[in-house]
Amino acid sequence: MNIPVVDFSPYNLRENNVSDEHIVDLGRQLKSSFTEVGFVYLKNTGITQEEVQHVMDISKTFFLQPDEMKLSFSRKSVANNPNHGWVSLETERLNPSRPGDLKESFNTSSLRTDIKWPSPPAFRDIQTAFFLRCQELSLRVLRVMAHSLGLKPQVFLDAHRYIGSDENGTTLRTLYYPPVNSALVKEGQLRCGEHSDYGSITLVFQSHEGGLQVLSPSGNYISAPSIPGTVLINIADLMQRWTSDCFISAVHRVLLPPAGDSSTRQCVAFFLQPDDEALITCCDGSKKYPPIKSGAYLMERFNDTYGRQ
Ligand SMILES: O=C(O)CCC(=O)C(=O)O
Ligand SMILES: [Fe+2]
């Protein structure tokens, strides 16, 4: 099984008008990818490899600073926004039955102007600009997805009105995976434990090392390499629920590099989340899952990942 590559040029970010014909064609391709694998590569989206590299370069400068400097920008240090900020190495367990993941990250969840940002000075502007690019692309993808299911074009969009504010959990997260010292690795520890994402959809940009693996419906992990210039997009759990399991939220992970391989790895991921107050109800009218509020659902998932507090 392969992850399909879909050409998104008819609806790329420079294109203001898209024909119904193109929406139907893109919808057909996205629907088959999301019902069969839950992942798709989009090429020609308008987001360039240079933009991605820019985010990775400034992120690496941030991560290579001493922990003491990053500590005051930790996750939970921003009032009213529980997810914004730095997460240190081994803090997060995306698979709670494993030791902490061998990665650190910085989450941009709030675009409020009164927040203090870490250095380097360009860090804030570059993360914010890329957040907005990802937001724009995601909303286009949501529109195509709604169309592909025969729903009103606005049905998903209407639940994503407050992105970037404290009433919406959407997060741009830049991840750094430092060199692994195999002598110090704990039993069962991975770079990123097996998990599925929480919200609507996720946009993923990996550095050239790749390493992401996706669980296919047949039960095997398949590799999802880095394809420069593309955006890897996956369905997350709330979207699976919203679509009554029509779209699959696939489990994925990042293993350790082979022993002796001291390479680092980076990833930039945009986690699109419905507004906290949005009530997620099966869009086919079925009662397969009870309605649930997006914000409450996200808090439950954070509790599993970071431990209950
Ligand atoms: O680093 C990656 O490629 C993926 C990370 C991931 O799946 C996540 O943070 O949810
Ligand atoms: Fe993930």
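Mentor: A residue is taken as near a molecule or strand if its C-beta atom, placed from the backbone, lies within 6 Å of it. This is a predicted model, in which local features need pLDDT of at least 70 and side-chain atom pairs count only at pLDDT 80 or more, while totals for chains, interfaces and linings use all residues. Residues are numbered from 1 along each chain as its sequence is written, and chains are lettered from A and ligands numbered from 1 in the order in which they are written.

The residues around ligand 1 are Leu175, Cys192, Asp197, Val204, Gln206, Leu212, His252, Val254, Cys267 and Ala269. S7, S11 and S12 are the elements that each give two or more residues to this shell, where helices (H or I, at least four residues) and strands (E, at least two) are DSSP runs numbered from the N terminus. By class, the shell holds seven nonpolar residues, two polar and one charged; Ala, Val, Leu, Ile, Met, Phe, Trp, Tyr, Cys and Pro count as nonpolar, Asp, Glu, Lys and Arg as charged, and the others, Gly among them, as polar.

Six of its six residues are buried, that is, each has 20 or more other C-beta atoms within 10 Å of its own, against 12 or fewer for exposed and a value in between for partly exposed, with C-beta atoms placed from the backbone. In a regular strand the side chains alternate between the two faces of the sheet. In S7 both faces are covered, with Ile201, Leu203 and Phe205 buried on one side and Thr202, Val204 and Gln206 buried on the other.

With strand S12 (residues 265-271) it pairs in the antiparallel sense over five bridges, pairing being assigned if DSSP finds at least two bridges between two strands; Phe205 has Val268 as its bridge partner, and Leu203 stands opposite Phe270. With strand S10 (residues 230-235) S7 pairs over four bridges, again in the antiparallel sense, and there Val204 stands opposite Leu232.

These pairings belong to an open sheet of eight strands, ordered S1-S2-S10-S7-S12-S5-S4-S3, in which the pairing is mixed. Strand S1 (5-7) and strand S3 (85-87) stand at the edges and have a single partner strand each, so one side of each is left without a neighbour in the sheet. The twist averages 25° from one strand to the next, with axes fitted as lines to C-alpha atoms, for helices over the stretch in contact, and angles running from 0 to 180 degrees between N-to-C directions. Helix H2 (residues 49-63) lies across strand S4 (104-108), strand S5 (171-177), S7 and S12, and runs at about 115° to S12.

S11, which also contributes to the shell, takes us to another sheet. This open sheet has four strands in the order S6-S11-S8-S9 with antiparallel pairing, and its edge strands are S6 (192-195) and S9 (221-223), each pairing on one side only. Two bridges join S6 to strand S11 (residues 252-254), and the bridge partner of His195 in S11 is His252, which is itself one of the residues around ligand 1.

Leaving aside its neighbours within four places in sequence, Ser223 is in contact with Gly210 and Gln213, contact meaning that the two C-beta atoms, placed from the backbone, lie within 7 Å. The C-alpha atoms of Ser223 and Arg253, 30 residues apart along the chain, are separated by 9.8 Å.

Among contacts between residues at least 6 apart in sequence, 74% join residues at least 24 apart. The C-alpha trace spans about 55 × 45 × 40 Å along its principal axes.
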